[in-house]
Amino acid sequence: MPEPRLIAGIRCDEVLTHLSDYIDGVTAPDIGDAIEAHLSECGWCEEFGGRFARTVTLLRASLREPEEPAPDVTRRLMAALEEA
Amino acid sequence: MIAPPDRDLLTAAAGGDRGAFAAIVDRHQAAVWRLARALTHSPVEAEDAMQEAFVAAWKGAQSWDGRGSVRSWLLTLTRHATFRHLRRRAGEPPRFEPLDTLARSAGWGEQVDPESLAAALERRVILQRALARLSPADREILILRELEELEGAAVAELLDVSLPAMKSRLHRARLRLVAAVREEVADA
C-alpha cells in the first residue's frame, strides 16, 4: 500500500483508527457514513476491514460457545467453598 | 417461580446463606471459568484462580458496593486471582506501537487471497492458536469485550480505565489478533 488515500472525505489511516468502533456500531453517524462510502470505493480498506470484522465475529462466536468447567472442577469448587 | 436477581442472592450470601451463594456460582461459574482459562496457562491454574475468586467473593460478599453487576465484580476478582498466578514474563502489555505499524503487521494494505483466508479462519484451531500468541493483557480485553452482557463501559469500569483508553486498547488487541491469525495461517 503506497500511501493512505483520501476517498469519500476520509483517509485510509482514519478508517483504520475507527475500524473497531465501526464494526461495534458506535461511530458517530457522519463518520460511519464516510467510512461506509470509503469502503465501497477503496479495495484495500474493504479487504482489510472485511478480514478484521470476520476475525472479531469469529472470536465473538467462539467465546459465546458454552465452555463449562468439568463436573469434578465444580465439585472441588463447592468443597472449597464449604471449607471457606 | 421467578429466580431472584443477583443482588438479592449476594445480599443473602453476605448474611451467610450458602444456598444463595451456590446459586451465584451456578449462574456465573461458566463466565468466570472462561476468563480464568483465557488468562492462565493451564486448566489447573484456571481452576485454582476460579476457586480463589469465588472464595474471595464468598468471604467478601458484604463488601460489594452495588456498583455495576455482580458478574462484573466476580470477573474483577477473577482477574486479580489470575494475575497472582501468572508469571509476569511475557505477560506485560507490549510497548506502544503506532497504529499503522500494528495494522501493517496484520496485512493492512497488502493483497491477500480473501477466499483462502476466510477458509483458514473457519478453522477454529487457527483462532485459538492466534489467541495463545497474544499477551494476557490483550487476551483479557478481547475476552471481556466479547463476553455476553459486557459492553464497552462495563469493560472500562472493570479494567479501571476510561472508555477511550479501553477502546484504544481493544482496537490494538484486535489488530494484534489479526496479525497473529496471519502468522498462524502462514505457518500452517
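**Exercise 1.** In what order do the elements of chain B run from the N terminus on?

*Solution.* This is a predicted model, in which local features need pLDDT of at least 70, side-chain atom pairs count only at pLDDT 80 or more, and totals for chains, interfaces and linings use all residues. Residues are numbered from 1 along each chain as its sequence is written, chains are lettered from A and ligands numbered from 1 in the order in which they are written, and side-chain values use heavy atoms, with hydrogens and water left out.
Step 1: helices (H or I, at least four residues) and strands (E, at least two) are DSSP runs, numbered from the N terminus.
Step 2: chain B has 10 helices and 0 strands.
Step 3: the order is therefore α-α-α-α-α-α-α-α-α-α.

**Exercise 2.** Classify the angle between helices H8(B) and H9(B), and name the residues that make their contact.

*Solution.*
Step 1: axes are lines fitted to C-alpha atoms, for helices over the stretch in contact, and angles run from 0 to 180 degrees between N-to-C directions.
Step 2: the axes of H8 (residues 136-146) and H9 (residues 152-159), both of chain B, cross at roughly 140° and come within 9 Å.
Step 3: H8(B) is therefore oblique to H9(B); angles under 35 degrees count as roughly parallel, over 145 as roughly antiparallel, 65 to 115 as roughly perpendicular and the rest as oblique.
Step 4: contact means heavy atoms within 4.5 Å. H8(B) supplies Glu140(B), Ile141(B), Leu144(B) and Arg145(B), while H9(B) supplies Gly152(B), Val155(B), Leu158(B) and Leu159(B).

**Exercise 3.** Describe the largest nonpolar core.

*Solution.*
Step 1: a nonpolar core is a set of buried Ala, Val, Leu, Ile, Met, Phe, Trp, Tyr and Cys residues joined through side-chain atoms within 4.5 Å. Buried means under 20% relative accessible area, exposed over 50%, partly exposed in between (1.4 Å probe, protein chains only).
Step 2: the largest core has 56 residues, and Phe21(B) and Phe54(B) have the most contacts inside it.
Step 3: helix H2 (residues 18-39) of chain B gives the most to this core, 10 residues.
Step 4: leaving aside residues up to four places away in sequence, Phe21(B) touches Leu81(A), Ala13(B), Phe54(B), Ala57(B) and Trp58(B).

**Exercise 4.** Is Arg129(B) buried, partly exposed or exposed?

*Solution.*
Step 1: Arg129(B) lies in helix H7 (residues 124-133) of chain B.
Step 2: its relative accessibility is 44%, so Arg129(B) counts as partly exposed.
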